[in-house]
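These are my notebook entries on a structure that I went through piece by piece, writing down what I looked up at each stage.

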Amino acid sequence: MKMKKVLAIVMAMAMTAGLAACGSSKPDETEAKGTDAPQTAAVTTVEEGKLHMATNAAFPPYEMVADDGSFEGIDVEIAEEIAAKLGLTLVVDDMDFSSVITSVQTGKEDMAMAGLTVNEERKQNVDFTDSYSTGIQVIIVKEDSPITSIDDLEGKMIGCQEATTGYIYCSDTPENGGYGEENVTPFTNGANAVQALISGKVDCVVIDSQPAKEFVAQNEGLKILDTEFAVEDYAIGVNKENTALRDAINTALKELIADGTVQKILDKYISAN
């Protein structure tokens with residue numbers, strides 16, 4: 001009888017505790033917020049609470065250094081909007097363009113955003129989001145240059161920013177549509193390539209159209225040929241192993257494209273003309 005009484009008391013206490021747990025427990029934070037839960041809950045970044053963007057801030061109007069030393073441009077503003085949607089603080093890390101992809105591939109940076117063209121070689125090293133802008137490769141020459149079209153580039157010395165698609169296209173073999181490495185001089189940034197053109201070290205510069213317009217506006221005696229060298233898509237590069245971050249960035253980017261934010265930023269920096 002005594003043993004049965006003890007067992008009955010224990011069972012009653014267990015049942016009471018169980019009922020109390022079911023009736024008074026609170027849903028966890030994710031359940032309480034439902035679909036409004038922060039997207040950062042499922043993503044990992046190189047620094048907690050921050051989104052590190054690898055770029056080369058010498059590519060106006062996509063990324064450049066402002067007068068106060070901060071960073072500005074199309075990519076910077078879009079990245080800020082993406083970071084805000086993910087509940088993160090954007091950190092812009094300026095580096096040589098040739099290091100942008102590598103820094104993401106090795107896990108030192110979260111994303112590469114530097115007027116970055118999608119191509120098969122880069123797809124082997126990083127994953128890309130959807131495209132958010134179109135880039136056009138053009139040719140800058142002196143106003144009195146004998147070069148009037150792409151057909152005149154053979155045998156000329158071409159200046160390009162190193163590791164860019166412009167350099168890749170031009171330095172390829174003639175059999176693949178290029179002009180050979182011996183006819184292409186790489187520079188750390190577009191501004192240096194343009195200065196080499198002005199000083200006569202190269203005969204022309206192949207570079208994206210938007211920075212080309214900026215460089216021509218800043219330097220008298222230069223012009224852009226009417227012929228388009230290549231048309232490309234810009235996107236954001238993310239480490240292949242961090243699929244959660246890639247998907248979160250892409251979701252945020254799609255929303256920013258859909259609500260007109262991206263186009264508003266593009267229109268701010270790029271004239272309709």
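Entry 1, I236 and the cores. I began with I236 in this predicted model, and, leaving aside residues up to four places away in sequence, I found that I236 touches I82, M111, A112, M113, D127, F128, T129, Y132, I249 and L253. Next I looked up the largest nonpolar core, which has 33 residues, and I noted that I236 is listed with I78, I82, M111 and I249 as the residues with the most contacts inside it. The elements that give two or more residues to this core are strand 1 (50–55), helix 3 (74–85), strand 5 (89–94), helix 9 (243–258) and helix 10 (261–269). Apart from this core I found another one, of 15 residues, and C160, C204, L225 and F229 are among them.

I then turned to strand 13, residues 230–234, and asked which of its residues lie on the covered face and which on the uncovered one. A230, E232 and Y234 make up the covered face, while V231 and D233 make up the uncovered face.

Is V231 buried or exposed? Its relative accessibility is 55%, and because exposed means over 50%, V231 counts as exposed.

I looked up an open sheet with the strand order 2-3-4, in which the pairing is antiparallel. Strand 2 (58–59) and strand 4 (71–72) stand at the edges with a single partner strand each, so one side of each is left without a neighbour in the sheet. Strand 3 (residues 63–65) is joined to strand 4 by 2 bridges, and M64 stands opposite E72 in strand 4.

Last, I asked how many cavities of 30 Å³ or more the structure holds, and the count is 1. The largest cavity has a volume of about 130 Å³ and is lined by 15 residues, of which F59, F97, Q161, T164 and D208 lie nearest its centre. Strand 11 (residues 204–208) gives the largest share of this lining, 3 residues, and the lining residues divide into 5 nonpolar, 7 polar and 3 charged.

Notes. Residues are numbered from 1 along each chain as its sequence is written. This is a predicted model: local features need pLDDT of at least 70, side-chain atom pairs count only at pLDDT 80 or more; totals for chains, interfaces and linings use all residues. Side-chain values use heavy atoms; hydrogens and water are left out. Buried means under 20% relative accessible area, exposed over 50%, partly exposed in between (1.4 Å probe, protein chains only). Helices (H or I, at least four residues) and strands (E, at least two) are DSSP runs, numbered from the N terminus. A nonpolar core is a set of buried Ala, Val, Leu, Ile, Met, Phe, Trp, Tyr and Cys residues joined through side-chain atoms within 4.5 Å. Contact means heavy atoms within 4.5 Å. Two strands pair if DSSP finds at least two bridges between them. On a 1 Å grid over the protein atoms alone, a cavity is a set of points where a 1.4 Å probe fits but cannot get out, and a pocket is an open set with protein on both sides within 12 Å along at least five of seven lines; lining residues have an atom within 4 Å of a point. Grid points are joined across faces, edges and corners, and a volume is the space filled by probe spheres set on the points. Ala, Val, Leu, Ile, Met, Phe, Trp, Tyr, Cys and Pro count as nonpolar, Asp, Glu, Lys and Arg as charged, and the others, Gly among them, as polar.
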